[in-house]
Amino acid sequence: MAKDYELIAREVVKNVGGSDNVKELTHCVTRLRFILKDKSKVDKEALESINGVLKVIEASGQTQVVIGQDVTKAYDAVMALPEAAAWGQNRGADSEDTEDIRDIVSENKKKTKKNVLGDKFVEYVSAIFTPFMEAYMGAGLLKGFVVLFVTLGLLSKESTTYQILYSAADGVFYFIPIFIGYSAGKKFGAKPFLTMAMAAAMVYPNIVALKSAETAVTFMGIPVNMISYTSSVLPIIAAAFVQAKWEKLLKKFLPEVVAGIFIPLLDLLVIFPLTLIVVGPVTDYVGRGIAVMIELGLNTVPLLAGFLMAALWPVMIIFGVHWGLIPICMNNYAVLGYDYILPLTVGTNFGIAAATFAVFLRTRDKKLKELSGTSALSAFIGGVTEPAIYGVLLARKKVFAAMCIINGIGGALCAVMHVTRDVQISVNALTLPAIYAVYGPWGIVAIVISIVGAFAAAFVTFREDNEDKHSGFKTTAAQKASA
C-alpha cells in the first residue's frame with residue numbers, strides 16, 4: 001500500500017514540536033536529521049507510531065527520525081510544507097547560527113563534556129560527508145568495475161576507453177577537497193564557495209608541482225612544507241574551521257558596506273597561505289599519526305580488533321557513530337593509498353540481510369513478514385540496513401546478538417588476512433563482482449560466513465512467542481489515518 005508522504009511529513013513536523021521548533025533539517029541515507037530549539041517538545045511515542053517511521057533516536061545533538069530507503073521522499077514532502085521555508089536546510093548557517101546550533105547540541109545537562117564533544121564531532125562529520133556521498137560511492141563502484149574489467153582482460157589500460165572511464169571514476173577522489181570544501185564551509189558557518197576556491201587552489205597544477213619541486217618553497221620568505229593535497233580530507237576541513245573564525249572576526253571590524261568586497265579577498269590572501277604554511281602540515285602529521293596507531297592495533301591484536309570492529313558495526317549504526325570513522329578511512333586513502341578499517345565490515349550488510357530473511361521465513365505475523373521481507377531485500381540489494389536493524393532485529397535481542405557475533409568472525413578473518421581496499425565502494429549483492437576485484441577472495445569468504453552463519457543463527461534463535469509483544473505491530477490512529 002502506497003504511503004501518504006504528505007501526511008507523514010505533517011505528522012513528523014507536528015510531533016517534533018511543530019515547525020517553530022525546527023532549527024535545521026538535513027537527511028542522510030535513511031534518516032531525517034532535525035536540529036531542534038527545544039528537544040523536550042518531541043513526542044517520541046507519537047513519532048514512532050507513524051506509519052513510515054521506523055525509529056526515533058536522539059544522537060549527535062539531533063533528533064533523528066529513521067525512515068529507511070524512502071527517506072528522500074519523506075524529506076521532499078517535509079520540505080514542500082510552506083513552513084519549511086524558514087528552516088536552515090538550504091543555506092549555510094552564518095556564524096551566529098553556528099553558535100546557536102552548538103548551544104542546542106550542549107543543552108542536555110545530564111551529558112558529560114566528553115559525550116557532548118563526541119556528539120558534536122559525529123554531527124559535523126555527518127553534515128560534511130553526507131551531501132556528496134552518492135557521487136563518492138558511485139565513483140568508487142565504477143572504479144571497482146574498471147579494475148575488474150582490466151583483471152579479466154576485457155579492458156586495456158592503454159585504451160582511451162580506459163582513460164575516460166578511469167577519469168570518471170577517479171575524478172571525485174582526486175578533487176575531493178573541493179567537495180568537502182563546500183559542505184565543511186557551509187557547516188562551520190564560513191562562506192562555502194570561498195572554501196571551495198581555496199580547495200581548488202590546493203589541487204591546482206602549480207601547487208601540486210611544488211610538492212616535487214627541487215627548490216625550497218617559501219611564501220614571503222616563510223618556509224612552506226609542501227604536502228600532497230589531492231585526495232586529502234583533513235586539511236580542507238581544518239581550513240574551513242579557521243576560515244569561519246576569521247570571517248567572524250572580520251565582520252566585527254569591517255563596515256558592512258565593504259565587508260562583501262574585502263572578506264573574500266582577505267580569505268584568499270590570508271587563509272590560503274596559512275593553510276599551506278601551518279594547517280596543511282599539522283593535519284598531515286595528525287592524520288599520519290592516527291593511521292599509524294590504528295594500524296598498530298590491527299597488527300598487534302588483529303583477531304580481537306577485527307572481531308570487535310565487525311561485531312559492533314551494527315551497534316555503531318544505531319547510534320550514528322560510524323560516521324566518526326569516515327574521515328580516518330578517507331585519510332588512509334590519501335596517506336597510504338588504501339584503507340584497512342571498513343574492509344573489516346565487508347560482511348556485515350549481508351549478515352544483517354540474512355538474519356532478517358531468516359525472521360521473514362520463521363515468522364507467522366503478517367506485518368512482520370512484510371517488513372522483514374522488504375528490509376532484507378533493502379539490505380541485500382541496496383546495502384541500506386537501518387530498516388532491518390530498527391524494524392526487525394533490534395527488538396529481537398538474541399537474533400541481533402547472534403548476527404553481530406557471526407559478523408565478528410568475518411571481521412577477524414579479514415584482519416588476519418589483511419583485507420584492504422583502495423577505493424570507496426558500496427557493499428551489496430549487485431557489487432559482488434567489484435567487491436571481489438577490490439577486496440580479493442578473503443573478502444568474499446567473509447561475506448559467505450556472514451550470510452550462512454547469520455541466517456542459521458537467526459533461524460535457530462528466533463522465538464516469535466516470546467518476542468511478539470516487542471514487535472510493535474499494532475494499528476495506531478496515525479497508521480489508520482495513513483492507510
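**Notebook: looking through a predicted chain**

I began with Met-220, which is exposed, with a relative accessible area of 76%; in my notes buried means under 20% relative accessible area, exposed over 50%, and partly exposed in between, with a 1.4 Å probe and protein chains only. This is a predicted model, in which local features need pLDDT of at least 70 and side-chain atom pairs count only at pLDDT 80 or more, while totals for chains, interfaces and linings use all residues. Residues are numbered from 1 along each chain as its sequence is written, and side-chain values use heavy atoms, with hydrogens and water left out.

**Entry 1: positive phi**

I looked up the backbone of Met-220 and found a phi near 55°, a positive value in a residue other than glycine. Met-220 sits in the loop between strand E5 (218-219) and strand E6 (222-223); helices (H or I, at least four residues) and strands (E, at least two) are DSSP runs, numbered from the N terminus. His-418 also has a phi near 55°, again a positive value in a residue other than glycine. I placed His-418 in the loop between H18 and helix H19 (432-439), and I noted that His-418 is exposed, with a relative accessible area of 56%.

**Entry 2: the chain as a whole**

I then read the totals, and the secondary structure of the chain comes to 22 helices and six strands. Of the 483 residues of the chain, 49% count as buried. The accessible surface comes to about 22300 Å², of which 64% belongs to carbon and sulfur atoms; such areas come from the Shrake-Rupley method with a 1.4 Å probe, and for residues only the protein chains shown count as cover. For contacts (heavy atoms within 4.5 Å), I wrote down that residues 24 or more positions apart account for 74% of those in the chain with a separation of 6 or more.

I compared helix lengths with an expected span, which is 1.5 Å times one less than the number of residues. Helix H8 (residues 176-188) has 13 residues and reaches 18 Å from its first C-alpha to its last, close to the 18 Å expected. The buried residues in H8 include Ile-176, Ile-180, Ala-184 and Phe-188, and just after H8 I found Gly-189 with a positive phi of about 95°.

For helix H11 (residues 234-253), the 20 residues should span 28 Å, and the end C-alpha atoms are 30 Å apart, which agrees. Among the buried residues of H11 are Pro-235, Ala-239, Gln-243, Glu-247 and Leu-250.

Helix H18 (residues 397-416) has 20 residues and reaches 29 Å from its first C-alpha to its last, close to the 28 Å expected. I noted that 14 of the 20 residues of H18 are buried, so this helix is largely enclosed by the rest of the structure.

**Entry 3: salt bridges**

I searched for salt bridges (a side-chain nitrogen of Lys or Arg within 4 Å of a carboxyl oxygen of Asp or Glu), and the count comes to two. In one of them the side chains of Glu-6 and Arg-10 meet, at 3.8 Å from N to O. Glu-6 and Arg-10 both lie in helix H1 (residues 5-15), four residues apart, about one turn of the helix. Arg-10 counts as partly exposed, at 41% relative accessibility.

The side chains of Lys-39 and Glu-58 also meet in a salt bridge, at 3.9 Å from N to O. Lys-39 lies in the loop between strand E2 (31-36) and helix H2 (44-48) and Glu-58 in strand E3 (residues 55-59), so the pair ties together parts that are 19 residues apart in sequence. Lys-39 is buried, with a relative accessible area of 17%, whereas Glu-58 counts as partly exposed at 41%.

**Entry 4: cysteines and a surface patch**

I looked for disulfides (pairs of cysteine sulfur atoms within 2.5 Å), and a search of the whole structure finds zero. Cys-329 counts as buried at 1% relative accessibility, and Cys-414 is buried, with a relative accessible area of 1%.

Last, I noted a nonpolar surface patch of about 460 Å², made by Ile-261, Phe-262, Leu-265, Leu-269 and Val-270. Patches are made of residues with over 30% relative accessible area and no salt bridge, with like charges joined within 9 Å and nonpolar side chains (Val, Leu, Ile, Met, Phe, Trp, Tyr) within 5 Å. Val-270 lies in helix H12 (residues 256-300) and is partly exposed, with a relative accessible area of 31%.
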